[in-house]
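Visitor: Could you take me through this structure? I would like to begin with the overall arrangement and then go into local details.

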Amino acid sequence: MQFSSFCDRFAGQAGIVQLMDDLGKAMSGDRDVLMLGGGNPGHIPEVQQFIHERLQRILDNPAEFSHVIGDYGPPQGDVAFIQALAGLLREELNWDIGPENIVLTAGSQPGFFYLFNMLAGEFKDGSRKHILLPLTPEYIGYADLGLTDDLFHSNRPEIEILDGHYFKYHVNFDELQVTTETGALCVSRPTNPTGNVLTDAETLHLQEIADSHHIPLIIDNAYGLPFPDIIFTEAKPLWTANTIVCMSLSKLGLPGLRTGIILGPDELVKAITNINAVLSLALGNFGPALVQDIVTSGEITRLSRTIIRPFYEEKAKQALAWLHHELDGLDYYIHKPEGAIFLWLWFPGLKISSQELYQRLKERGVLVISGHHFFPGLKEDWEHRHQCIRVTYSMNPNQVEEGIKIIAEEVRKAG
Ligand SMILES: Cc1ncc(COP(=O)(O)O)c(C=O)c1O
């Protein structure tokens with residue numbers, strides 16, 4: 001069979017394909033693998049209980065059940081859910097936002113595909129634009145989403161060394177090159193893979209830069225406020241008439257529901273609504289149906305603040321203790337964990353590449369992700385990108401502890 005260039009672009013061996021393949025196998029039965037690689041959220045009993053009860057109420061109500069499984073919804077997404085969400089964001093964050101600013105997608109991943117290709121790529125007048133990632137390392141899932149080549153430009157960060165084997169990345173504003181060919185800026189905050197949370201000052205400055213060039217700032221809020229609130233530091237969420245905020249139900253613990261949310265100006269929302277109709281007809285009903293009542297009541301933020309955030313904070317603390325113990329005596333740094341569900345480890349003196357370390361760990365049954373994948377758009381081959389790995393700590397603690405021991409052994413062996 002001969003496939004078109006569409007397949008060359010989207011069906012190749014992208015980093016995300018390898019990652020989701022490893023993840024899918026580990027989550028569907030290959031229990032011998034210590035899965036410290038994927039971005040799967042933890043299974044939090046209290047959250048699952050909430051969803052279970054809500055599902056039971058749907059099952060017990062024949063009219064609602066029949067609607068949820070039997071009807072196509074509108075291509076903007078479920079109307080009642082969108083209204084409830086606008087109410088929550090106005091109430092909790094004081095954002096000037098209405099239903100006309102909200103559209104759903106089947107997970108935020110396709111939402112990024114739409115956004116990046118709407119705001120960058122080829123334009124009718126023959127011009128080409130790119131998406132600027134002001135700070136790498138940045139989310140691996142963006143890397144292969146372009147309908148055209150060279151969709152991303154990105155920058156190296158500044159590195160601040162902190163006490164106790166920690167460090168923190170900052171945006172290097174001196175090097176940031178926003179040109180007439182930049183279509184948008186994009187940052188994940190908290191950042192996947194590092195757990196960095198851009199400071200309020202950095203975020204505001206990025207917004208000012210975007211405003212002065214009349215382009216939007218996209219903030220990927222998959223781990224942020226008001227839900228799932230996996231943020232361990234003080235951070236003020238940002239929303240302006242020129243910000244696009246992307247959210248998701250996934251990191252609440254519901255990645256199987258595939259519900260993403262885009263907040264933005266109404267013309268953008270209308271365009272994505274039409275794209276949804278063309279590409280998907282409608283969105284899945286289950287995500288909105290299962291969380292609508294906790295969005296309406298505001299319970300979703302309480303759940304995030306009192307159950308989800310402490311769940312991850314505790315896991316991060318525990319994983320850090322194991323890491324410092326096992327890596328003792330080695331040349332290592334850990335990015336200050338300020339949010340999300342990962343730890344980002346940097347081994348400056350590592351004699352092998354992070355990809356070789358990944359391979360050696362995989363042979364020993366431990367899956368992590370080599371850091372070099374997380375620099376989409378970075379043109380220079382910076383040695384730092386081959387010295388880092390991402391470790392997920394959301395899984396079963398025995399697996400995380402065992403995995404960390406093996407990581408330390410392999411780093412020690414590599415010299
Ligand atoms: C930063 C970030 N953005 C977006 C996504 C996509 O999430 P989903 O498509 O499940 O909503 C992820 C998933 O890991 C992520 O970490």
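Guide: The C-alpha centres of domain 1 and domain 2 lie 23 Å apart. Please keep in mind that this is a predicted model.

Visitor: Which residues belong to domain 1 and domain 2?

Guide: The domain assignment of the protein chain gives 5–47 + 302–414 as domain 1, and 72–299 as domain 2.

Visitor: And how many residues does the contact take from domain 1 and from domain 2?

Guide: Domain 1 supplies 43 residues to the contact and domain 2 supplies 44 residues.

Visitor: Which elements give two or more residues to the side of domain 1 that touches domain 2?

Guide: They are α2 (15–27), α10, β12 (333–335) and β13 (342–346). Of these, α10 gives the most, with nine residues.

Visitor: How do the residues on that side of domain 1 divide by class?

Guide: On the side of domain 1 that touches domain 2, 24 residues are nonpolar, twelve are polar and seven are charged.

Visitor: Let us stay with α10. At what angle do α9 and α10 cross?

Guide: The axes of α9 (residues 286–297) and α10 cross at roughly 90° and come within 5 Å.

Visitor: How are α3 and α10 placed, then: what is their crossing angle?

Guide: Helix α3 (residues 45–60) and helix α10 (residues 299–326) have axes that cross at roughly 140° and come within 9 Å. The two helices, α3 and α10, are therefore oblique to each other.

Visitor: Which residues of α3 and α10 meet?

Guide: E46, V47 and F50 in α3 meet L303, I307 and I308 in α10. The contact of α3 with α10 comprises five nonpolar residues, no polar residues and one charged residue.

Visitor: A change of topic: how many residues surround the ligand, and which are the closest?

Guide: There are 14 residues around the ligand. The closest are G39, G107, Q109, S248 and S250.

Visitor: How does that shell divide by class?

Guide: The shell around the ligand has three nonpolar residues, ten polar and one charged.

Visitor: What about the backbone: which peptide bond involving P137 is cis, and where is omega?

Guide: The bond from T136 to P137 is cis, with omega near 0°. P137 lies in the loop between β4 (128–133) and β5 (152–154).

Visitor: And which residue does a cis peptide bond join to P193?

Guide: N192 is joined to P193 by a cis peptide bond, and omega there is about 25°. P193 is in the loop between β8 (182–188) and α7 (200–212).

Visitor: What is the phi of H214?

Guide: H214 has a positive phi of about 55°, although H214 is not a glycine. H214 sits in the loop between α7 and β9 (217–220).

Visitor: Is H214 buried or exposed?

Guide: H214 is exposed, with 7 other C-beta atoms within 10 Å.

Visitor: And A340, buried or exposed?

Guide: A340 is buried, with 31 other C-beta atoms within 10 Å. A340 also has a positive phi, of about 65°, although A340 is not a glycine. A340 is found in the loop between β12 and β13.

Visitor: Turning to E122, which residues is E122 in contact with, leaving aside its neighbours within four places in sequence?

Guide: E122 is in contact with R128 and T148. E122 and T148 are 26 residues apart in sequence, and their C-alpha atoms are 7.6 Å apart in space. E122 lies in strand β3 (residues 121–122) and is exposed, with 12 other C-beta atoms within 10 Å.

Visitor: Lastly, where is Q83?

Guide: Q83 is in helix α5 (residues 79–93). Q83 is partly exposed, with 16 other C-beta atoms within 10 Å. Q83 and Q292 are 209 residues apart along the chain, and their C-alpha atoms are separated by 9.6 Å.

Definitions and conventions: Residues numbered from 1 in each chain as written. Predicted model: local features only at pLDDT ≥ 70, side-chain atom pairs only at ≥ 80, totals over all residues. Near = placed C-beta within 6 Å. Nonpolar A, V, L, I, M, F, W, Y, C, P; charged D, E, K, R; others polar. Axes fitted to C-alpha atoms, helices over the stretch in contact; angles between N-to-C directions. Helix = DSSP H or I, 4+ residues; strand = E, 2+ residues; numbered from the N terminus. Parallel < 35°, antiparallel > 145°, perpendicular 65-115°, else oblique. Contact = placed C-beta atoms within 7 Å. Domains from an automatic or database assignment. Buried ≥ 20, exposed ≤ 12 C-beta atoms within 10 Å, placed from the backbone.
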